[in-house]
Amino acid sequence: MNAYLKEIADVCDITKLLTFHAARHTFATTVALTNGVPIETVSKMLGHTNLKTTQHYA
C-alpha cells in the first residue's frame, strides 16, 4: 500500500511522505469527522477498540 501511495505522490509531484497511516488519519479527520460523522462511527470504521484512540484524531 505504501509503495502505491509513493508512486501516486511521484506522479502528482507531491513531496510529502504519503503512508497508509497518513491516509487513515486524513480520512478520519478531513473526510469523516469534519463532515459530521459521529466519532463512535469513525471509531468502528477504523477498527479501534477504545474510543480514546479515535479521540486522538479529533
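## Terms and basis of the model

A residue is called buried when its relative accessible area is under 20%, exposed when that area is over 50%, and partly exposed in between, using a 1.4 Å probe and protein chains only. By this definition His48 is buried, because its relative accessible area is 17%.

The model is predicted, so local features need pLDDT of at least 70 and side-chain atom pairs count only at pLDDT 80 or more, while totals for chains, interfaces and linings use all residues. Residues are numbered from 1 along each chain as its sequence is written, and side-chain values use heavy atoms, with hydrogens and water left out.

## Overall architecture

The secondary structure of the chain consists of four helices and zero strands, and from the N terminus on the elements run α-α-α-α. Helices (H or I, at least four residues) and strands (E, at least two) are DSSP runs, numbered from the N terminus.

The chain has a radius of gyration of 13 Å, whereas a compact globule of 58 residues would have one near 10 Å. This radius is taken over C-alpha atoms, and the globule rule is 2.2 Å times the number of residues to the power 0.38. Along the principal axes, the C-alpha atoms of the chain fill a box of roughly 35 × 20 × 15 Å.

Of the 58 residues, 21% count as buried. The chain exposes about 4,400 Å², of which carbon and sulfur atoms supply 59%; accessible areas come from the Shrake-Rupley method with a 1.4 Å probe, and for residues only the protein chains shown count as cover. Among contacts (heavy atoms within 4.5 Å) with a separation of 6 or more, 21% are between residues 24 or more positions apart.

Ile8 belongs to helix α1 and counts as partly exposed, at 48% relative accessibility. Its C-alpha atom is separated by 8.9 Å from that of Leu18, ten residues away along the chain.

Asp13 is found in the loop between α1 (2-11) and α2. Its phi is near 55 degrees, a positive value in a residue other than glycine. Asp13 counts as exposed, at 69% relative accessibility.

Helix α2 comprises residues 20-32 and includes His21. His21 counts as exposed because its relative accessibility is 54%.

In soluble globular proteins, nonpolar side chains tend to be buried together. The largest nonpolar core in this model has five residues: Ala28, Ala32, Val42, Leu46 and Tyr57. Helices α2 and α3 (39-46) each supply at least two residues of this core. A nonpolar core is a set of buried Ala, Val, Leu, Ile, Met, Phe, Trp, Tyr and Cys residues joined through side-chain atoms within 4.5 Å. Apart from its neighbours within four places in sequence, Ala28 is in contact with Leu33, Val42, Leu46 and Tyr57.

Thr34 lies in the loop between α2 and α3 and counts as exposed, at 62% relative accessibility. Thr34 and Thr19 are 15 residues apart in sequence and 21 Å apart in space, C-alpha to C-alpha.

## Helix α3 and its buried face

In α3, the residues Val42, Ser43 and Leu46 are buried. Seen down the helix axis, the buried residues of α3 fall within an arc of 105 degrees, so they line one face of the helix; the arc is that of the directions from the helix axis to the C-beta atoms. The cover over these buried residues includes α2 and α4. Helix α3 is followed by Gly47, whose phi is positive, near 80 degrees.

Ser43 is buried, with a relative accessible area of 6%. Its side chain makes a polar contact of 3.0 Å with the side chain of Thr54. A polar contact is a pair of N or O atoms within 3.5 Å; within protein, one must be able to donate a hydrogen and the other to accept it, and residues adjacent in sequence count only if both atoms are side-chain atoms.

His48 is placed in the loop between α3 and α4 (51-57). The side chain of His48 is joined to that of Thr54 by a polar contact of 2.6 Å. Not counting residues up to four places away in sequence, His48 touches Arg24, Ser43, Thr53, Thr54 and Tyr57. With neighbours within four places likewise left aside, Ser43 is in contact with His48, Asn50, Leu51 and Thr54.
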